[in-house]
Amino acid sequence: MNSADSMNRAPLFLLYLNVLIIASCGLVYELLAGTLASYLLGDSVTQFSLVIGIYLSALGAGAWISRFVDERLARCFIEVELAVALIGGMSAPVLFLAFSSVGAFRAVLYGIVFAIGTLVGLELPLLMRLLKEHLDFEDLVSRVLAFDYLGALFAALLFPMFCVPRLGLVRTSLLCGLLNAAVGLWGTYLLRPLLSSRGLSGLRGRACLVIGLLIVALIKADSLTTLAEERVLGEPVVYAESTPYQRIVLTRNVRGFQLHLNGHLQFNSVDEHRYHEALVHPALSAVKSPRHVLVLGGGDGLAVREILRYPSVESVTLVDLDPGMTTLADRFPPLAELSRSSLKDRRVTIINEDAFLWVGRARRTDNPVRPAKETDRIVRPTEKFDIAIIDFPDPGTFSVGKLYSTRFYRMLRERLTADAVISVQCTSPLVAPRSYWCIVKTLESVGFHVRPYHAAVPTFGEWGFVLASPTPLPEKLSLSPDLIGPSRFLTDSVLNSLFDLPPDLARVEAEVNQLNNQVLVHYYDQEWGTMK
Amino acid sequence: MPLTRRELIVTLLGAPALLSAGCSESPILPPAGELLGQSLEIGHRLRDGSRPQPNSDQWRDVGVAIVGGGVAGLSAAWRLNQNGCEDFVVLELESQPGGTSRSGRCELTPYPWGAHYLPVPLPHNRDLIRLLDEMGVVESLADDGSPVIAEQFLCRDPDERVFVDGEWIEGLYPVKGATEDDLAQLAAFRKEIDRWSAWRDASGRRAFSIPIRHAADDAEVLELDKRSMSEWLRQHGWTSPRLHWLVDYSCRDDYGLTAEQTSAWAGVLYFAARLKGPGAEHQPLMTWPEGNGRIVEHLAAQAGTRLKPGMAVTRIRSSQSRQRLGAVDNDAPISGEIGYEVLAFDTATDQPIGFRAKSVIFAAPQFLAPRLIDGFAERTGRSAERFEYGSWLVANVHLSRRPRESSFPLSWDNVIHDSRSLGYVVATHQAGNDHGPTVLTWYHPLCDDDVKAARQQLLKAKWSELADVVLTDLERPHPEIRSLVTRLDVFRWGHAMIRPRPGFINNPQRRAAARPDGRIHFANTDLSGIALFEEAFDHGLRAADEVLASQI
């Protein structure tokens, strides 16, 4: 029995299915790399252009290399298949890991893209040469190319519609790897007549090893909590980090990226400008030529970005517990882009400490003077702030609840000038009215004059803030004419309309939040708890 | 015979602790720590009969010699000072004042070594409110005279949680898994406590009031002292294990006794005296990172250099007694000639020193009175036999970070349900410090019936053994604790707390013990039969008032 006869008996459509799978997986790897690069590095046009360019050139390189394969074509095809399975399959997890630990992330990225392209470029020429003995040349070219392009279409549709939303990037990559490896293993049977018996079991063993590795990676990936988070957060995770204080997760979808702290959404790049303009500008509009600004929380630098648009601002002191947050922009370039690297501005001093302890300690004159070697401006304990922007997470835990207490506001007041204005983000007055009005009442109870206001932030819904000051607040506000750059959300009339509360946001009864009752945490738990 | 590790763990923590203790005889110990305790030196000196006599140039004249710089002695000094009587000394054996309210300090935070909270006093306790006001703790007074306490001194929420069946739940009563009957019994118990909080005698005095000097002594109330707290519960038909646990925990917490050992009078007092009236919540608690050490610090600052730490008193004798032996009639007016010689030595330099005092306030535990006061038993006919003192084991556990947890979060007080320990309080809690390193103060009263044997066993145990017991207990809720400990200090309190066992409150010996012996006045919480800050404070003020009255 000669080998050509047995090949003829193999159902041809199975071979075309192979082509389809190979083509689909190849395109998926390319799309994965492009998506990942634009998620992690931002600037999607550049990232996609580069990835596509490198990938296509690598395909050519692969095709060219194929001519140097003279003998044992079938074995070589299977080896290539297994290599694609391994490199392509592991590409997304490896790139995610490299992003947080390897300096030369771009080198790793383009290296992987080129490797996959080369291997995929080898696949089709090898397969065509395997089949050419059994098929008419014209028939061969037309059918293989047709299935190739069909596979590409299939992948192009599947990727955005199913893979990314349902599987996430990591699992998509691993599953494609598994498909490639299955094609390889299957090939050892399909092309059995073309393979020598020597080393056959070794080849099959390697195929099983690759499949095993990918399955282990798939299971491991699940236990890395990223995928569990993806399921909860509903978007692919592009960055995750556990600091001693919290879990920082960034997700990404086609419209933008999102920051989650301990599973709670902090902003969405698509509409964060509404939130941050509403948080910052009412307070800064209420003070004439604000000079010294205190930001509590807000380690993402987005509130600071808005504050730095005021030329009168001489200093911004940002107190955020977690150095992991205040340095996030260094590790995630799209955030640096979004915040315009505001935290790198020379006017900004960053203090990584629990704001409760900092505000309490800074009141006293025994505040330790910061070491002289630091080039940052030294914050003197006697310095008072004209503005405080309070951007803490929602009061869902006791350790955050204390930052909304009468004690905290009293301590803060001692750090403010007599006519300072503060603004406080205070959860959704629509979802959690008692929580919202509890914060307002707590501020009132320590003698602040307050003006509650709200803004629609599509990602969050109806959101609540409050403006507070030791002195009465102006009735009408107007944006400073010196404001640098355009505002995307606020105009003078929009600004003033924020203070009109519709009837469904009307005041409700609530107690004052104190350290020893933490009623706010209980309200918040009740109100948001029933939403889940 | 020394105990094995397992035996020591079972003895101190109870059998459930063995589940997590493992079998190893050489467990992982903290990298640093030491064994601390009350000075035994004075006991040894007295036993040896070594009482060095001061030379004539080592004598000092003073109006009032206060023996003991715990809360009672310091409170007496405070009262004298406030009334313009500044001629006094406070002689404290230990290098640090405060007695069982003392505290320690590390770079991160101060922490308690004993008493660590005070319930907000009811309006009638004006003296205590005045002290708190002086400390800047009171913001204002409500219409009924109740103090409005500044927020930062009220125990920050979450104040309490309990570890039951592998998870932490809020509060102390283990609600989870409680049957309807359990809850009905809890409600009935609360109702009975409410009844006692509303009870008034013919002259309008409460049945249970702190300080207990202001409480009624009607037979109906004192009847409770005849039985144990457990018997009292059973008499009411309450058998719920959860209720018995709650009450037992409370007795161990406040008195260092199990509910079976505690007088029902003291047990009911714990619950009823801190209710303003029926239906009221338990008075809120005030606390500081260093516990009641903060109050000690304030009182000690008022005493200034008149507080002499490291001064071991070896003998108190009437300067008259050397000339004329005989009983002094307490009721007879005392001539200005009478005075006392208080002999002491400086524990640091070993130098003897003597004080000639017009009056003495003996602010040490009663068991020391017959040993230190010449002719005490003969003159007064009193002995301290019935005064029984329990021992405590307290540890401060320094952690590099908080243990990881998933159920109800770290609170101020953290109780382990089926342990014989009381759990721990968190020193950084009140300061609002919620991240990174911290210090846990772990408490364990030795509730043995045989106090002497238990005390001896405690004093014999090595640091490594006690540190292991502490960690074995903490390991149950926090399996990773051993890897987080940077330092663990253990304090052994030999005579920590007076024990209010049934019959002691009514005992004539106790009632007689507060009466002055000539111009020696007595002030200590043990005179009340219960170890509470408020009682020590009250006795200090009373003794000072007696001295002031005698000076007129």
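Predicted model: local features only at pLDDT ≥ 70, side-chain atom pairs only at ≥ 80, totals over all residues.
Guide: Residues are numbered from 1 along each chain as its sequence is written, and chains are lettered from A and ligands numbered from 1 in the order in which they are written.

Visitor: What should helix 4 of chain B span?

Guide: Helices are DSSP runs of H or I with at least four residues, and strands are runs of E with at least two, numbered from the N terminus. The expected span is 1.5 Å times one less than the number of residues. Helix 4 of chain B (residues 71-82) has 12 residues and should therefore span 16 Å, which agrees with end C-alpha atoms 16 Å apart.

Visitor: How many of the residues of helix 4 of chain B are buried?

Guide: A residue is buried if 20 or more other C-beta atoms, placed from the backbone, lie within 10 Å of its own; it is exposed at 12 or fewer and partly exposed in between. In helix 4 of chain B, 10 of 12 residues are buried, among them Trp78(B) and Arg79(B). Their cover includes strand 2 (59-67) and helix 18 (533-551) of chain B.

Visitor: Which residues touch the most other members of the largest nonpolar core?

Guide: Nonpolar side chains tend to be buried together in soluble globular proteins. A nonpolar core is a set of buried Ala, Val, Leu, Ile, Met, Phe, Trp, Tyr and Cys residues joined through C-beta atoms within 7 Å. Of the 155 residues in the largest core, those touching the most other members include Val28(A) and Val466(A). Helix 2 (residues 12-41) of chain A gives the most to this core, with 17 residues. A second, separate core of 154 residues includes Val71(B).

Note on methods. Contact = placed C-beta atoms within 7 Å.
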